[in-house]
Amino acid sequence: LNHSWRHLLIVTTVILIFVDAIFVFCTVFDVIRNQYFFLCDVLLELPTAVEFLVTTYYVVEAADAHNGGMVYGLLTTAHNIGLSLAPVIANQIFGLFPMNLSDSANFIEDSTRFRKVVAGSYIIAYLFSVIAWAILPLLPNQKDQAQARKRTWGTSRSLAIAVTASLVLCFIYSVSTLLLTVFPATACLKFVGGPGC
């Protein structure tokens with residue numbers, strides 16, 4: 001992999017969005033509604049594997065012999081916290097939509113208006129993937145740059161505390177908000193994406 005890691009992440013994200021959008025929008029707008037057609041999104045496995053490989057290279061290059069487990073654990077934790085935070089933010093954003101995406105009656109009715117709302121939710125998700133490219137300059141472009149950063153960049157206790165604190169706060173926020181969606185008395189709160197109590 002002598003190519004730019006940033007470029008690979010951008011290309012794989014574009015491929016993932018493009019291929020996923022074909023299956024999603026054909027299903028949402030009733031061009032093809034077949035459970036076997038939707039299973040064809042197995043085509044997403046190759047770009048997903050490339051993304052995983054590139055991010056694993058980041059971990060390998062960031063870690064030293066004495067802190068490999070800690071670096072891997074920190075980066076994996078950050079990734080997993082992002083996975084738990086994403087549905088929380090999605091629920092809060094989609095709660096602002098004119099038609100409730102959590103109401104099964106809307107899916108059964110399957111009106112043109114609701115199809116547009118569902119399509120809009122996917123477009124927002126795709127936009128968030130593209131907006132994430134804004135942080136790519138923080139990542140090294142290739143192995144040599146990663147090693148040069150390790151040699152020349154110093155350590156910062158305050159930065160380590162800030163990163164750890166932000167991960168802890170994101171974890172607490174996502175868990176507490178997701179717990180609010182479990183109980184009927186609080187699931188209706190607008191804060192968690194409900195219609196309001």
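**Charged pairs and their setting**

Reply: The count of disulfides is 0, a disulfide being a pair of cysteine sulfur atoms within 2.5 Å. The model is predicted, so local features require pLDDT of at least 70 and side-chain atom pairs count only at pLDDT 80 or more, while totals for chains, interfaces and linings use all residues. Residues are numbered from 1 along each chain as its sequence is written, and side-chain values use heavy atoms, with hydrogens and water left out.

C26 is buried, at 19% relative accessible area, whereas C170 is partly exposed, at 28%. Here buried means under 20% relative accessible area, exposed means over 50%, and partly exposed lies in between, with a 1.4 Å probe and protein chains only.

The protein chain has 9 helices and 0 strands, and its elements run α-α-α-α-α-α-α-α-α from the N terminus. These elements are DSSP runs numbered from the N terminus: helices are H or I with at least four residues, strands E with at least two. Along the principal axes, the C-alpha atoms fill a box of roughly 60 × 40 × 25 Å. L75 belongs to helix α4 and is partly exposed, at 37% relative accessibility.

Of the 197 residues, 28% count as buried. Among contacts between residues at least 6 apart in sequence, 63% join residues at least 24 apart; contact means heavy atoms within 4.5 Å. The accessible surface comes to about 12900 Å², and 71% of this belongs to carbon and sulfur atoms. Accessible areas come from the Shrake-Rupley method with a 1.4 Å probe, and for residues only the protein chains shown count as cover.

The charged pairs can now be taken in turn. Side chains of opposite charge can pair when their charged atoms come close. The whole structure holds 3 salt bridges, each being a side-chain nitrogen of Lys or Arg within 4 Å of a carboxyl oxygen of Asp or Glu.

One of them joins D30 and R115, whose closest N and O atoms are 3.8 Å apart. This pair links distant parts of the chain: D30 sits in the loop between α1 and α2 (35–38), R115 sits in helix α6 (residues 112–131), and 85 residues separate them. D30 is partly exposed, with a relative accessible area of 39%, but R115 is buried, at 16%.

R115 also meets D110 in a salt bridge, at 2.9 Å from N to O. Both D110 and R115 are buried. Through shared partners, D30, D110 and R115 are joined by salt bridges into one network. D110 is found in the loop between α5 (104–109) and α6. Apart from neighbours within four places in sequence, D110 is in contact with R33 and R115. The side chains of D110 and R115 also make a polar contact of 2.9 Å. A polar contact is a pair of N or O atoms within 3.5 Å; within protein, one must be able to donate a hydrogen and the other to accept it, and residues adjacent in sequence count only if both atoms are side-chain atoms.

K150 and D64 form another salt bridge, with their closest N and O atoms 3.0 Å apart. K150 lies in helix α7 (residues 143–152) and D64 in the loop between α3 (45–62) and α4 (68–94), so the pair ties together parts that are 86 residues apart in sequence. K150 is partly exposed, at 36% relative accessibility, and D64 is partly exposed as well, at 33% relative accessible area.

T13 is buried, with a relative accessible area of 11%. Its side chain is joined to that of E51 by a polar contact of 3.0 Å. Not counting residues up to four places away in sequence, T13 touches E51, S129 and W133.
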